[in-house]
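Please look over the sequence and the structure below before reading on. The report that comes after them is meant to be read side by side with the model.

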Amino acid sequence: MIQALWIGLNPRTFEGYRVIERVVFKRAFDLFKVQVHIFVQRSALSDCRNLQFSKMGRKFFVGGNWKMNGTKSSIDEIVSFLSKGPLDSKVDVVVGVPAIYLDYAKCKLPANVFASAQNCYKETKGAFTGEISPAMLKDVGINYVILGHSERRHVFGESDELVAEKTAHALENGLTVIACIGEKLEEREAGQTEAVVFRQTAAIAAKIKDWSNVVIAYEPVWAIGTGKTASPQQAQEVHEKLRVWLKEKLGAGVADSMRIIYGGSVTAANSKELAKQADIDGFLVGGASLKPEFVYIVNSKQ
């Protein structure tokens, strides 16, 4: 009232202005709250989509490494149980075949299982007795190769540098590389696990730029063929730290899309628990890939 008299307005008119002011303010505030609510919802949806993309973008990958095992007869048996399956269609399935049987296996395997070489050299051709080149693999229709497996490193003396050079050459020739890394028992006991896997990965990173056709297989050497397996928590810890390293050194794009698979006495008995871990994107399976239980391992996410 006093304010109305002071500015020369009729008190009723002044009160009318105040009412209008309150209504306008309330509606503006309500509109502001609605806009905030919409923004929060959209942000949450975006985060959800990003998380979903991150998980969906890394298709589960299961590789079987037959090593130096197999005959035409035993390959026929493996082909039989793989064909019967059924195999999860959401999983990439690859089997590492001895070089002499690559063409035979490729022609026999079901369409949803791909043959992989277990090794190749860093040159296209030349005086390298006993070696095979990526160009030769491509010539017979092979698109995958396993490189840097612990048996190549520790039995045949392949260095980090050689593995990196072979990886770069294989990628240049259009192969997808399953690049193996992992520590020995004494290195784990000495607390050097991270240093070893980071060093091995860094050697590859020094030679390549495009990681889109690389699958990293973490295989603790002490767990390969020994019956010992890293616990799901131990495996997840290394995978998670490796993904952080990839993000720091190579960027979030590489880290988020990189499939990091686990190898080391994977069986039907432990595969489901391992597959539940956030940063384990599949397996590289040894002896069990020669047996019907390999189908169960492929289907671990179901």
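What follows describes the fold, then a pocket, and then the confidence of the model.

This is a predicted model, and in it 8 strands form a closed barrel that runs in the order β1-β2-β3-β4-β5-β6-β7-β8 with parallel pairing. From one strand to the next, the twist averages 30°. Strands of a sheet can pair either parallel or antiparallel, and they do so through backbone hydrogen bonds. Strands β7 and β8 run parallel and are joined by 2 bridges, and along this pair Gly263 stands opposite Leu284 in β8. Helix α10 packs on the sheet, where it touches β5, β6 and β7, and the direction of α10 makes about 150° with that of β7.

The elements named in this part of the fold cover these residues:

| Element | Residues |
|---|---|
| β5 | 176-181 |
| β6 | 214-218 |
| α10 | 232-250 |
| β7 | 259-263 |
| β8 | 282-285 |

The largest pocket holds about 490 Å³ of space. It is lined by 19 residues, of which Lys67, Met68, Gln118, Asn119 and Arg152 are the closest to its centre, and the lining divides into 8 nonpolar, 7 polar and 4 charged residues.

How far does the confidence reach? The chain has a mean pLDDT of 87, and 81% of its residues reach 70 or more. Over residues 1-7, however, pLDDT stays under 50, and the model has 7 contacts beyond four places in sequence for them. The pLDDT is also below 50 over residues 43-54, a stretch with 1 contact beyond near neighbours in sequence. Where pLDDT is low, the predicted coordinates should not be read in detail.

Technical notes
Residues are numbered from 1 along each chain as its sequence is written. This is a predicted model: local features need pLDDT of at least 70, side-chain atom pairs count only at pLDDT 80 or more; totals for chains, interfaces and linings use all residues. Side-chain values use heavy atoms; hydrogens and water are left out. Two strands pair if DSSP finds at least two bridges between them. Helices (H or I, at least four residues) and strands (E, at least two) are DSSP runs, numbered from the N terminus. Axes are lines fitted to C-alpha atoms, for helices over the stretch in contact, and angles run from 0 to 180 degrees between N-to-C directions. Contact means heavy atoms within 4.5 Å. On a 1 Å grid over the protein atoms alone, a cavity is a set of points where a 1.4 Å probe fits but cannot get out, and a pocket is an open set with protein on both sides within 12 Å along at least five of seven lines; lining residues have an atom within 4 Å of a point. Grid points are joined across faces, edges and corners, and a volume is the space filled by probe spheres set on the points. Ala, Val, Leu, Ile, Met, Phe, Trp, Tyr, Cys and Pro count as nonpolar, Asp, Glu, Lys and Arg as charged, and the others, Gly among them, as polar. pLDDT is the predictor's confidence in each residue, from 0 to 100.
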